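Have a look at the structure, then read on.

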Amino acid sequence: MKEFVIRVPGAYRTQFNLGVGASTNGYGQIYVNGVPKGSTRVQRTQGDYTVQVEDIGGLLAGDLLQLYAWHTNGTNPTSVGAFSISASYQSLPPPIPSKVN
């Protein structure tokens, strides 16, 4: 498992590479605070890494954005790499000055 601690609330784009050894199916999924949130991703082709991208919204400061990986058969492990997150922030308009009477 790999994880990031969220510092700024909002929606984040996750990206990771998923690979698998021979004779096994590899799986990867995004979790938030230990609870599955993203779609379960499956890799069945040995030797290839596939790039997995998913948007996860509603995150709060202090949440753990996690990547779990596992396999279901065989002895070769599932591999993950290049786990990253990104977000877009919009600047807020300037505050409206209060009127003094």
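This is a predicted model: local features need pLDDT of at least 70, side-chain atom pairs count only at pLDDT 80 or more; totals for chains, interfaces and linings use all residues.

Residues are numbered from 1 along each chain as its sequence is written, and side-chain values use heavy atoms, with hydrogens and water left out.

**A loop residue**

Thr 45 has a relative accessibility of 44%, so it counts as partly exposed. You'll find Thr 45 in the loop between strand S5 (41–43) and strand S6 (50–59); strands here are DSSP runs of E with at least two residues, numbered from the N terminus. Thr 45 and Asn 25 sit 20 residues apart in sequence, with 8.1 Å between their C-alpha atoms.

**Ring pairs**

How many aromatic pairs does the structure hold? There are 3. To pair, rings of Phe, Tyr and Trp (its six-membered ring) need centres within 6.5 Å; planes under 30 degrees apart are stacked, over 60 edge-to-face, and the rest tilted. Phe 4 and Phe 83 make a tilted pair, because their planes meet at 55 degrees, with ring centres 5.1 Å apart. Since Phe 4 belongs to strand S1 (residues 2–5) and Phe 83 to strand S8 (residues 78–86), this pair ties together parts 79 residues apart in sequence.

Tyr 27 and Trp 70 form a stacked pair, at 5.7 Å centre to centre and 10 degrees between the planes. Here too distant parts of the chain are linked: Tyr 27 is in strand S3 (residues 26–32) and Trp 70 in strand S7 (residues 64–71), 43 residues apart.

| Residue | Relative accessible area | Class |
|---|---|---|
| Phe 4 | 28% | partly exposed |
| Phe 83 | 12% | buried |
| Tyr 27 | 14% | buried |
| Trp 70 | 29% | partly exposed |

**The core**

A nonpolar core is a set of buried Ala, Val, Leu, Ile, Met, Phe, Trp, Tyr and Cys residues joined through side-chain atoms within 4.5 Å. The largest one has 11 residues, including Ile 6, Phe 16, Ile 30, Ile 56 and Phe 83. Strand S2 (10–20), S3, S6 and S7 each give two or more residues to this core, and S2 gives the most, with 3 residues.

What does Ile 30 touch, leaving aside its neighbours within four places in sequence? Its contacts (heavy atoms within 4.5 Å) include Phe 16, Ile 56, Leu 65, Leu 67 and Phe 83, along with Pro 36 and Gly 38.

Key
Helices (H or I, at least four residues) and strands (E, at least two) are DSSP runs, numbered from the N terminus. Buried means under 20% relative accessible area, exposed over 50%, partly exposed in between (1.4 Å probe, protein chains only).
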